[in-house]
Amino acid sequence: MTVCVGLCAWRCQQDARKLGPAIVEVAARPQSTDTLICPDGMPENESDTIPFNLFSPKNRDDVCGWWMPEDTVTPKGNFVKYLISNDTCCRSYLYLKWGNNRFENTGNVGGFRHFNPRMTPAYIAESDQYLFLESAASGGMPSTGWNLWVLPLVPGLKSAVYTTISNQAYDLRSLTIVREIYDAPGDYPLLEAYNIRTHQIKPIKLRHRISAASASWAIDSVSITPQHIFLRIGVLNDQDDMVDETIVLPNDIK
């Protein structure tokens, strides 16, 4: 017997007909809001659409062998909810619902349930127009960069994710970040400051080349304020000795 569930039911029925005579039964959708169909090696279809049957499980310690973060209510009364789907088409995706009593939105974070929990975005700050979340950009140790999630709290603004060189490489007052230029010419990474609000860019020129394949591995410390951009990073001097180089620049791209 072939059992077809949820959004995949129509395709499941079509595949079953191709296999020859069989009894095809469409299962009733579970009524419990805490029911989840675990993967169990079943095939999965990618989709950009948001399923209608998203829910927040009560037991977050073991969701199909995966830890799920707790929902958050911010000091200003905004919320971040972590949702999953009990439909087999979308079971590995994590969804974010965020907003307040005047505005809310839902977005697909992607297949993060298969990766390191550090890659799940977590709330760090808020303004009147945005929520700010942070996550590792990769599941490795050490991480190759950090993601800053900017989620709008008012209509008309777009969500965005920016990769920074460390979890300290942004300033939420001026909305300035320091990031690595991935398509830079040459065989070593380059850095730039970028303002999320104004989209202005300030190149960060080092006297020597960075001592590692990723700037996040070579970074010693970074600090950004509305007035200054401070950076200390490991570089290789002319004798190929590893030394620290310090950069202090005015933050004039606000």
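Modeller: Gladly! Let's begin with contact, which means heavy atoms within 4.5 Å. By that rule T74 touches Y123, E126 and L131, leaving aside residues up to four places away in sequence. Please keep in mind that this is a predicted model, where local features need pLDDT of at least 70, side-chain atom pairs count only at pLDDT 80 or more, and totals for chains, interfaces and linings use all residues. Residues are numbered from 1 along each chain as its sequence is written, and side-chain values use heavy atoms, with hydrogens and water left out.

Colleague: Why is T74 called buried?

Modeller: Buried means under 20% relative accessible area, exposed over 50%, and partly exposed in between, using a 1.4 Å probe and protein chains only. T74 has a relative accessible area of 5%, so T74 is buried. Its place is in the loop between β4 (72-73) and β5 (79-85).

Colleague: And what makes H199 exposed?

Modeller: The relative accessible area of H199 is 51%, so it counts as exposed. H199 lies in the loop between β14 and β15 (201-204). Its phi is near 65 degrees, a positive value in a residue other than glycine.

Colleague: Where is D240 found, and what is its phi?

Modeller: D240 is in the loop between β18 (228-236) and β19 (242-250), and its phi is near 65 degrees, again positive in a residue other than glycine.

Colleague: How do you know that β12 and β13 pair?

Modeller: First, the terms: strands (E, at least two residues) and helices (H or I, at least four) are DSSP runs, numbered from the N terminus. Two strands pair if DSSP finds at least two bridges between them. Two bridges join β12 (residues 170-171) to β13 (residues 176-181), so by this definition they pair, and they run antiparallel. D171 stands opposite T176 in β13. The hairpin of β12 and β13 has four residues between the strands, and L175 there takes a positive phi near 60 degrees.

Colleague: What joins β13 to β14?

Modeller: Six bridges do, and these strands run antiparallel, with β14 covering residues 190-195. In β14, L190 is the bridge partner of I181.

Colleague: What is the order of the strands in the open sheet?

Modeller: The four strands follow the order β12-β13-β14-β15, with antiparallel pairing. The edge strands are β12 and β15, as each pairs on one side only.
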